[in-house]
Amino acid sequence: MHHGCMLLSRLADVSREVAAASARSRKIALLAELFRDAEADDVPIVIPYLAGRLPQGRLGVGWKALSRPVAPAGAPSLTVREVDARLTELGQLAGPGSQAERARLVGELMGAATEGEQRFLLGLITGEVRQGALDAVAVEGLAVATDVPAVDVRRAVMLAGSLQTVARALLGEGPAALDRFRLTVGRPVLPMLAHTASSVTEAVGKLGGCAVEEKLDGIRVQVHRDPDGVRIYTRTLDDITDRLPEVTSAARELAGGRFILDGEVIAFDAGGRPRSFQETAGRVGSRTDVARAAEAVPVSPVFFDALSVDGRDLLDLPFAERHAELARLVPEPMRVRRTVVSGEEDLAAAEEFLRETLRRGHEGVVVKSLDAPYSAGRRGASWLKVKPVHTLDLVVLAAEWGHGRRTGRLSNLHLGARTADGGFAMLGKTFKGMTDAMLAWQTERLRELAVEERGWGVTVRPELVVEIAYDGLQRSTRYPAGVTLRFARVVRYREDKRPEEADTVETLLAAHPQVRP
């Protein structure tokens with residue numbers, strides 16, 4: 001019953017009913033019915049609206065413009081596409097007088113909406129109607145609406161990287177459209193990602209039979225090869241083939257004629273130890289004089305998974321079988337080092353492998369279940385990364401006022417390490433890892449220590465010691481020590497420590513010899 005245009009009222013009603021329904025089967029039925037009535041061109045609007053997102057992102061409409069009550073329309077007339085067009089126009093306004101024009105357009109839109117639609121629109125524009133985890137239910141609804149098995153729709157969404165793309169194709173062309181979303185050489189898919197475990201013991205305990213593999217601090221790549229040549233993609237699916245001639249030649253040497261492999265590229269020094277992440281990243285990022293860059297910082301591909309070999313799609317095979325295919329194709333020096341453990345009785349071997357990997361200068365291990373399929377674009381629970389957590393005792397030098405939920409709290413901490421002359425050098429900032437109680441406590445404590453309160457925050461006497469976890473160091477000209485912390489987060493405050501006991505810049509640099517400013 002395609003009647004040309006979906007009304008906003010229909011979408012608002014379904015959104016409300018889906019939120020109110022507790023049974024998953026009821027949610028699926030509601031969405032299936034909605035999709036049956038939708039046209040392909042409604043999809044890019046309907047799907048984000050259901051999840052409570054605007055396709056345009058934030059519109060910059062202030063509360064003032066939204067809080068003026070407008071008399072609602074008596075009967076629904078707005079279509080989904082008309083609302084989208086009006087919001088696009090709103091979002092594009094800029095310059096003098098644009099605030100007033102925005103207010104006028106919002107008023108017009110609200111005046112054309114019924115009371116229920118007004119509530120829905122307000123929620124959308126302010127970001128209040130987030131329906132989390134709706135995607136999985138929407139996939140099932142789409143499958144029912146188009147008479148396709150849900151598993152095929154899920155698979156297509158995984159390979160397309162977006163539910164919208166698949167929904168649009170299915171509603172526009174019917175089930176045959178799914179053929180477009182097959183794993184194909186030359187069409188990259190989002191990589192599978194790992195969750196974090198705190199130790200090898202925990203990871204092996206969760207997974208049982210598994211492979212423990214080196215975790216390389218390089219750049220994730222997906223290498224595609226067919227008779228026409230080689231293409232190399234990043235984890236965000238950018239094509240970087242032209243920048244990595246040595247990876248292209250390595251891929252040409254391999255046995256298979258047609259394949260998709262997953263791995264990392266990384267720069268090693270003369271002694272075979274990894275160079276710093278920045279050197280690899282800088283090399284992969286440099287587009288200009290590729291030949292000279294390749295000579296200065298050659299990178300090597302190191303593969304750990306095979307997604308497709310000679311036209312066979314391997315995604316659904318257990319990892320043990322995918323790895324066997326990889327080993328057939330790729331010589332050992334070009335594969336990630338690994339050890340296979342059958343479960344908890346092999347823990348000692350797994351722990352030793354981690355120690356060995358760290359000694360070789362890598363950042364940790366990834367523990368992978370041997371029987372799990374490849375779940376593209378997801379953080380699967382069957383891959384667990386384990387990195388030893390570095391921690392430092394640093395001193396708070398200043399703190400910035402927070403925004404949003406943290407307004408009125410001192411949030412972003414400026415962190416310093418001791419220097420040889422008894423001063424402190426700032427190493428970076430963090431607002432991560434703080435509970436509400438911690439935010440309240442640090443706001444009070446830092447105000448007591450303040451030497452100066454400014455619009456942005458406070459500068460404090462360097463007395464409060466905080467324990468910080470971080471993932472590593474990177475060079476930075478912005479900070480006095482020439483380095484900054486990667487992914488710093490607060491573990492706890494150490495009121496038991498005096499600032500003289502904080503860590504020094506020297507010890508920090510000594511712990512990370514590969515990153516020299």
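V367 stands opposite L384 in strand β10, and the two strands concerned, β9 and β10, run antiparallel and are joined by 4 bridges. The model is a predicted one, in which local features need pLDDT of at least 70 and side-chain atom pairs count only at pLDDT 80 or more, while totals for chains, interfaces and linings use all residues. Residues are numbered from 1 along each chain as its sequence is written, and side-chain values use heavy atoms, with hydrogens and water left out.

An open sheet of 5 strands, with mixed pairing, has the order β1-β10-β9-β2-β8; here two strands pair if DSSP finds at least two bridges between them, and helices (H or I, at least four residues) and strands (E, at least two) are DSSP runs numbered from the N terminus. Because β1 (193–196) and β8 stand at the edges with a single partner strand each, one side of each is left without a neighbour in the sheet. From one strand to the next, the twist averages 35°.

Two helices lie across β2, β8, β9 and β10: α15 (residues 319–329) runs at about 55° to β2, and α16 runs at about 140° to β9. These angles, from 0 to 180 degrees, are taken between the N-to-C directions of lines fitted to C-alpha atoms, for helices over the stretch in contact, where contact means heavy atoms within 4.5 Å.

In helix α11 (residues 200–207), V200, A203, V204 and L207 are buried, a term that means under 20% relative accessible area, with exposed being over 50% and partly exposed in between (1.4 Å probe, protein chains only). These residues lie on the same side of α11 because they cover an arc of only 95° around the axis, the arc being that of the directions from the helix axis to the C-beta atoms. Their cover includes β2 (210–215), β8 (338–341), α16 (347–359), β9 (364–369) and β10 (379–386). Just after α11, G208 takes a positive phi of about 70°.

Q222, found in strand β3 (residues 219–226), is buried, with a relative accessible area of 3%. Its side chain reaches the backbone oxygen of V189 at 2.8 Å, and a polar contact of 2.9 Å joins the side chains of Q222 and H224; a polar contact is a pair of N or O atoms within 3.5 Å, of which, within protein, one must be able to donate a hydrogen and the other to accept it, and residues adjacent in sequence count only if both atoms are side-chain atoms.
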